[in-house]
Amino acid sequence: MKTTEEIFQNWRRYANVQPARLNGKRIRLQFLTRSSEHEKGFMNEPEPEEDYGKLFIYPGPMNLGFWMQNVPFDLDLIALDNEMRVMEMHRLSANDEETKFISRPCMYVLELRSGWAGRNGLELGCKLEFQ
């Protein structure tokens, strides 16, 4: 039987989830729009399911850096341009507190389970589409 805290964590995790497609593959994305959500990301959460990710949305293009403090699993980091096309991809290592910077300003960044990009043939220019 799940505790109230486990139920709340699952609700919070999936309450703001939207279906999408990336390179024709179905994914489910949680939108992160507030700075407190950006700072947390996957911190202190279980490893995501294969089709689950987080979409970081910023108010405008900006120079962004990401780190993996208290994230005990690797992630794929995918930077998107204003048209939601893949412009850059990185692998983030578990618990790595060194900041990984996106090479140019952007306002959308996607984090997915480690290796998702490779397993699904993701390339620069692929488009994120919402259903």
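Modeller: Helices (H or I, at least four residues) and strands (E, at least two) are themselves DSSP runs, numbered from the N terminus. A word on the source: this is a predicted model, where local features need pLDDT of at least 70, side-chain atom pairs count only at pLDDT 80 or more, and totals for chains, interfaces and linings use all residues. Residues are numbered from 1 along each chain as its sequence is written, and side-chain values use heavy atoms, leaving out hydrogens and water.

Colleague: Is β3 mostly covered or mostly open?

Modeller: First, the cut-offs: buried means under 20% relative accessible area, exposed over 50%, and partly exposed in between (1.4 Å probe, protein chains only). In β3, eight of the 11 residues are buried, so to speak mostly covered. Across the protein, 43% of the 131 residues are buried.

Colleague: Where does E45 sit?

Modeller: In the loop between α2 (35–40) and β3 (52–62).

Colleague: Why does E45 count as buried?

Modeller: Because its relative accessibility is 12%.

Colleague: What joins the side chains of E45 and K40?

Modeller: A polar contact is a pair of N or O atoms within 3.5 Å; within protein, one must be able to donate a hydrogen and the other to accept it, and residues adjacent in sequence count only if both atoms are side-chain atoms. Here, such a contact of 3.0 Å links E45 and K40.
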